[in-house]
Amino acid sequence: MAPEFNEGEIIIVEPDGAVKDGSFVLAKADGEWIFRQLRTAGAGAGWVLRALKPGCAELPLADLSAVHGVIIQKAVPGRRKLSKFYV
């Protein structure tokens, strides 16, 4: 999902997050979990899941029941230090 999300980044998913056009979401389609951008398909045509990688086909959605969470934050990999001191 580059350039927005890079390999190895950690994402945080809000299961009950507000879904809107342009949101990055976690969805279940054809029995698989996928991470895509949610877009409107046009006037009254429903929704599509779009990959940012060129050449990937959009996946049409009849409704939002396939969406199971909204990406609300990302972080670079690595563990936070257990203690930190400020001077």
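## Aromatic cluster and sheet

Phe5 is buried, with a relative accessible area of 8%. The model that shows this is a predicted one. Phe24 is buried as well, at a relative accessible area of 13%, and Phe35 is also buried.

Ring pairs join Phe5, Phe24 and Phe35 into a cluster. The count of aromatic pairs comes to 3.

| Pair | Distance of ring centres | Angle of planes | Class |
|---|---|---|---|
| Phe5 and Phe24 | 5.0 Å | 80° | edge-to-face |
| Phe5 and Phe35 | 5.0 Å | 70° | edge-to-face |

Phe5 lies in the segment before E1, while Phe24 belongs to strand E2 (residues 24-29), so their pair ties together parts that are 19 residues apart in sequence. Phe35 sits in strand E3 (residues 32-40), so its pair with Phe5 ties together parts that are 30 residues apart in sequence. Phe5 has a further neighbour in Lys74, which lies over the face of the ring at 5.3 Å from its centre.

The strands belong to an open sheet of 6 strands with antiparallel pairing, in the order E1-E6-E2-E3-E4-E5. Strand E1 (10-14) and strand E5 (59-61) stand at the edges with a single partner strand each, so one side of each has no neighbour in the sheet. On average, neighbouring strands of this sheet are turned by 45° against each other, direction ignored.

Strand E1 and strand E6 (residues 67-75) run antiparallel and are joined by 5 bridges. Ile10 stands opposite Ala75 in E6.

Key. Residues are numbered from 1 along each chain as its sequence is written. This is a predicted model: local features need pLDDT of at least 70, side-chain atom pairs count only at pLDDT 80 or more; totals for chains, interfaces and linings use all residues. Side-chain values use heavy atoms; hydrogens and water are left out. Two strands pair if DSSP finds at least two bridges between them. Helices (H or I, at least four residues) and strands (E, at least two) are DSSP runs, numbered from the N terminus. Axes are lines fitted to C-alpha atoms, for helices over the stretch in contact, and angles run from 0 to 180 degrees between N-to-C directions. Rings of Phe, Tyr and Trp (its six-membered ring) pair if their centres lie within 6.5 Å; planes under 30 degrees apart count as stacked, over 60 as edge-to-face and the rest as tilted. Buried means under 20% relative accessible area, exposed over 50%, partly exposed in between (1.4 Å probe, protein chains only). A charge sits over a ring if NZ of Lys or CZ of Arg is within 6 Å of the ring centre and within 35 degrees of the ring normal.
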